[in-house]
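Me: I'd like to talk through how this one packs. Can you put it up and take my questions as they come?

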Amino acid sequence: MNKINLKKIKKAEANFFDKLANFRTEKEHIIAQEVDIRRATKYIPKKNEKNSFLIDPKMTNKLGGKARNRYIKELTSKPGAKILEVGCGSGWLALELARHGCHVEAYDLSPKAIELAKKTLKENPFKKGFGSVTYHLQDISITDLGFEKYDGVSGWSAFHHMPDVPLFMDKVHKALKPGGIVASMDDMPRGKLEQWLEYIFEFLLPTYNLSYLQKLKFVLKLIIGKSKLRKEVFSPMEKAKHSNVFEISEAFGNKFNVIYSVQENAFVGTPVMRIIGPDWMRYLLASLVIGIDRLLCKLHIVRGFERIMVAKKLN
């Protein structure tokens, strides 16, 4: 990527996440998980409701709550820790880290995301033991991170959006105090098997976006070539450099001592978050499908889409 192309990609990246922030606030009475995990509003779309998304904190916890909580626990293990959050988005994680008593410097390129994050911070009702959050509308990839300044650096679905991962991870290493924690969650590339399993379970499970009749019609159109499978959604930076996720794991292995690593949810995310019906049925079906996903990941038959790594700086 030359400088001109990189500038265009960064602008497109900010626009991409601006649209995402707008989408999350279309319904004023609803709080999305990506905005505040404690105050998220349970919302199940009606059948055939378009341009909407399911919000269910309990379902989200089933999918990845254990790994997410471990991520937060490691970053907040030191009381009053000073933490840098890279690509904070709508601010849910920065807010949660501060609720654990940490002092967070959070950066993002998206004006709309930062605006939403600041609004949510003002509305935060959980004041006891709260640290602090300072939001910066700034390109962190060209920001001086300082030397041994932070107790922790977090990149939840963020490090792989950096244009030069090895260079950025060098800066992260320098910015961490001895024994400091670096944590990353990254969306991994998926193979054909994982994609097909996602489609199969979405077809089998009762979902709000399509009835079984609509699904059958779609399959028939797919067979005769009149329909196509949906494309994977990537941000402009993800499209420009798919190799970033592997450069992150290489940097973790070379520069840090990895203390926790998990890769899960190979195909269950979309099908499970679209299930409709009584809650007991939704959660039962979800548990079964998630169990299959976990087993296939452990047997290395499929590769998880969500990878979490937590590591400590080598002294």
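This is a predicted model: local features need pLDDT of at least 70, side-chain atom pairs count only at pLDDT 80 or more; totals for chains, interfaces and linings use all residues.

Me: How far apart are the end C-alpha atoms of helix 11, residues 279–298?

Reply: Helix 11 has 20 residues, and at 1.5 Å a residue it should span 28 Å. The model agrees with that, since the end C-alpha atoms are apart by 28 Å.

Me: Which residues of helix 11 are exposed?

Reply: Start with the buried ones: Arg282, Tyr283, Ala286, Val289, Ile290, Asp293, Leu296 and Cys297. They cover an arc of only 155° around the axis, so they sit on the same side of helix 11. What covers them includes helix 2, helix 6, strand 6 and helix 10. On the other side, the exposed residues are Trp280, Leu288 and Lys298.

Me: Which element gives the largest share of the largest nonpolar core?

Reply: That core has 28 residues, and Tyr71, Leu97, Val104, Tyr135 and Ile308 touch the most other members. Among the elements giving it two or more residues are helix 2, strand 2 and strand 7. The largest share is five residues, and it comes from helix 3.

Me: How many residues are in the second, separate core?

Reply: Tyr71, from the largest core, touches residues including Leu93, Trp156, Met185 and Ile308. The second core is separate and includes Tyr150, Ala158, Phe159 and Val165. Its size in residues is 23.

Key:
Residues are numbered from 1 along each chain as its sequence is written. Side-chain values use heavy atoms; hydrogens and water are left out. Helices (H or I, at least four residues) and strands (E, at least two) are DSSP runs, numbered from the N terminus. The expected span of a helix is 1.5 Å times one less than its number of residues. Buried means under 20% relative accessible area, exposed over 50%, partly exposed in between (1.4 Å probe, protein chains only). The arc is that of the directions from the helix axis to the C-beta atoms. Contact means heavy atoms within 4.5 Å. A nonpolar core is a set of buried Ala, Val, Leu, Ile, Met, Phe, Trp, Tyr and Cys residues joined through side-chain atoms within 4.5 Å. Lists of a residue's contacts leave out its neighbours within four places in sequence.
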